[in-house]
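Dear colleague,

Please find below the structure that I am handing over to you. A summary of the findings follows it.

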Amino acid sequence: MPMFQPCKKEGILGFEVSLGGCILDVDTEVKDGVLSGIVAGNYNCVAGEKLDLNKMIEELNLSDVPTVFICPISLEPMHDPVTLCTGQTYEQSNILKWFSLGHYTCPTTMQELWDDTITSNKTLHHLIFTWFSQKYVQMKKKSEDAQGRASELLSSLKRVKGQSRIQTLKELRRVVVRHSTARKAVVDEGGVALLSSFLGPFTSYAVGCEVVAILVSLNLNSESKKNLMQPAKVSSIVDILNEGSTETKVNCVKLIEIFMEEKDFRAQIVSSLSLLAALMRLVRDKRHPNGHFPGLGLLKLISMHEKVRGLIVSIGAIPQLVELIPALSPECVELALFVLDILSSVPEGRRALKDCSSTIPNVVKLLIRVSENCTEYTLSILWSICKLSPEECSPVAVEAGLATKLLLVIQSSYSPALKQRAAELLKLCSLNYSDTIFISKCKLTRTMQ
C-alpha cells in the first residue's frame with residue numbers, strides 16, 4: 001500500500017511515497033516521469049471549460065490509474081486525499097466515515113492513532129489533478145479530431161466511387177464505432193441520408209456491409225428509419241443478410257429490429273421468404289453461435305405479426321427449431337419456445353408441431369427446467385398438440401414423462417394459471433388410460449397416490 005511521509009525541501013512541504021519499503025520522493029518521480037509520464041502544464045481549463053476533478057474521473061472511467069492515486073478503503077481514485085499520522089493517505093470522506101463508525105486505527109496498518117488529525121495532501125492532489133487533466137485533454141482532442149475526420153469522410157463519400165468509396169466507408173466505420181462525437185457529426189451533417197442512398201438494387205456487398213455497420217451505430221430518427229424502410233433498401237439489406245459474414249448478418253438483424261420499433265412499421269416489410277430463410281440459416285449455424293440470440297430475437301419480433309406466421313411455418317421453421325432446442329443456450333431456448341408457442345396459434349403451425357416426431361420428447365424435457373416463461377410456453381405447445389390429436393399425441397407425451405412433470409408443476413410454486421393449465425393437460429392425457437395404468441405411468445409413490 002502507498003504510504004506518504006512529509007518531507008521538507010527548500011521550505012516547501014511535500015510528500016515522499018513509500019512503496020514496498022522503498023521511499024519515493026513524489027516531486028522527483030514526477031519530474032522523472034515515473035507516474036505515467038505526468039508533465040508540467042496548466043490544465044485548469046480546456047477550450048474555455050473549467051476542469052473539475054470529479055467530472056474528469058467519472059467521464060474517463062479509467063482502469064489503469066496509478067496505485068498511489070487509489071484510496072485503500074474504496075479502491076477508487078481519490079478526489080481529496082488526506083494523510084494520517086501513520087503516513088497513510090486516504091480519500092477524506094472515506095476516512096471520516098471510518099472514524100464515525102468508532103474506529104480509531106489506521107485502516108491499512110491497523111495501528112492505533114496517537115493523533116486523529118488529518119492533513120490535506122496537496123502535493124498528491126496536484127498530481128492526481130494533473131494526471132487526470134492530461135488524460136482528459138487527450139480524450140477531448142481525440143474526440144474533436146474524430147468529429148472533424150468524420151466530416152471530412154462524409155465530404156469524400158459524395159465524390160469517390162468504386163474501391164475508394166469502400167475504403168472511405170471502412171474508415172468512417174472505424175471512427176463512428178469508437179467516438180460518440182463522430183456519430184453525432186454523421187447524424188447532424190446529413191450523413192444518414194447519404195449512407196442510405198448507397199443501399200439499393202445495385203449495391204455491392206462490400207459497400208452494403210459497411211453502410212449497415214455504420215447505420216446500426218447511429219441514433220436514427222423517425223424520418224431516417226422511414227427512408228430506410230423503402231422496399232428497395234430493405235431488399236438490399238436482406239441480400240446482405242443472406243451473403244454476409246456472421247458479424248454483418250448480426251448488424252443487418254439489428255438494423256431491421258430498429259425499423260420494427262417504429263409505430264408505422266408494416267408487417268409487409270418482413271413478409272419475405274428470403275429474409276426468413278436467412279434468419280433460419282443464422283440460427284442454425286453451429287459454427288457461429290453468436291448469431292443465434294440475435295437471429296431468434298428478430299424471429300420472435302416478426303412472429304408477433306399474425307400475418308407472417310403462416311409464412312414462417314411454410315419455410316419449415318418449426319421442425320428446424322425443434323431439432324435445435326437441445327443444443328441452444330437457456331436464453332435462446334426461451335426465444336425458440338416463444339416462437340414455437342406463437343406459431344401454434346395458427347392451424348398450419350399446430351399441424352407442423354404434431355407432424356415433427358421430435359416435438360413432444362424435446363419439449364417435455366424442457367418442462368420445469370429452464371424458467372417459468374419456458375414452462376408456460378412448453379405447456380401451451382403441448383396443449384395445442386394434444387388437443388389437436390389426443391389419441392395420437394397424449395400417449396407419446398405420457399411415455400416421454402409428461403404426466404410426472406405436470407404433477408410437479410401442480411405441486412410447485414408456479415402461478416395459479418400455470419397450475420390450471422397443467423391440470424387440464426394432465427386430465428387430457430389421462431383419457432386414454434384406466435386409473436390404475438395412468439397412476440403407474442405417473443410413477444407415483446403409494447403416499448402420493
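Asp115 is partly exposed, with a relative accessible area of 31%; here buried means under 20% relative accessible area, exposed over 50%, and partly exposed in between (1.4 Å probe, protein chains only). Please note that this is a predicted model, in which local features need pLDDT of at least 70 and side-chain atom pairs count only at pLDDT 80 or more, while totals for chains, interfaces and linings use all residues. Residues are numbered from 1 along each chain as its sequence is written, and side-chain values use heavy atoms, with hydrogens and water left out.

To return to Asp115, this residue is placed in the loop between helix 3 (92-100) and strand 8 (119-120). Helices (H or I, at least four residues) and strands (E, at least two) are DSSP runs, numbered from the N terminus. The side chain of Asp115 is joined to that of Thr117 by a polar contact of 2.7 Å. Such a contact is a pair of N or O atoms within 3.5 Å; within protein, one must be able to donate a hydrogen and the other to accept it, and residues adjacent in sequence count only if both atoms are side-chain atoms. Tyr104 is eleven residues from Asp115 in sequence, and their C-alpha atoms are 9.3 Å apart in space.

I turn next to the charged pairs. How many salt bridges does the structure hold? There are twelve, a salt bridge being a side-chain nitrogen of Lys or Arg within 4 Å of a carboxyl oxygen of Asp or Glu. One of them joins the side chains of Glu152 and Arg149, at 2.8 Å from N to O. These two residues are separated by about one helical turn, because they are three residues apart in helix 4 (residues 122-157). Glu152 is partly exposed at 44% relative accessibility, and Arg149 is partly exposed at 30%.

Another salt bridge, of 3.3 Å from N to O, is formed by the side chains of Arg173 and Glu210. Arg173 belongs to helix 5 (residues 162-178) and Glu210 to helix 8 (residues 205-215), so this pair ties together parts that are 37 residues apart in sequence. Both Arg173 and Glu210 are buried. They also belong to a network of salt bridges that links Lys170, Arg173, Glu210 and Glu247.

Lys225 and Glu262 likewise meet through their side chains in a salt bridge, at 3.6 Å from N to O. Lys225 is in helix 9 (residues 222-228), and Glu262 is in the loop between helix 11 (246-260) and helix 12 (273-284). Lys225 and Glu262 are both buried.

The aromatic rings form three pairs. Rings of Phe, Tyr and Trp (its six-membered ring) pair if their centres lie within 6.5 Å; planes under 30 degrees apart count as stacked, over 60 as edge-to-face and the rest as tilted. Phe69 and Trp131 are edge-to-face, because their ring centres are 5.9 Å apart and their planes stand at 70°. Phe69 is in the loop between helix 2 (53-60) and strand 6 (81-83) and Trp131 is in helix 4, so the pair ties together parts that are 62 residues apart in sequence. Trp131 also forms an edge-to-face pair with Phe132, at 5.0 Å centre to centre and 85° between the planes. Phe69, Trp131 and Phe132 make up one aromatic cluster. Phe69 is buried at 0% relative accessible area, and Trp131 is buried at 1%.

With kind regards
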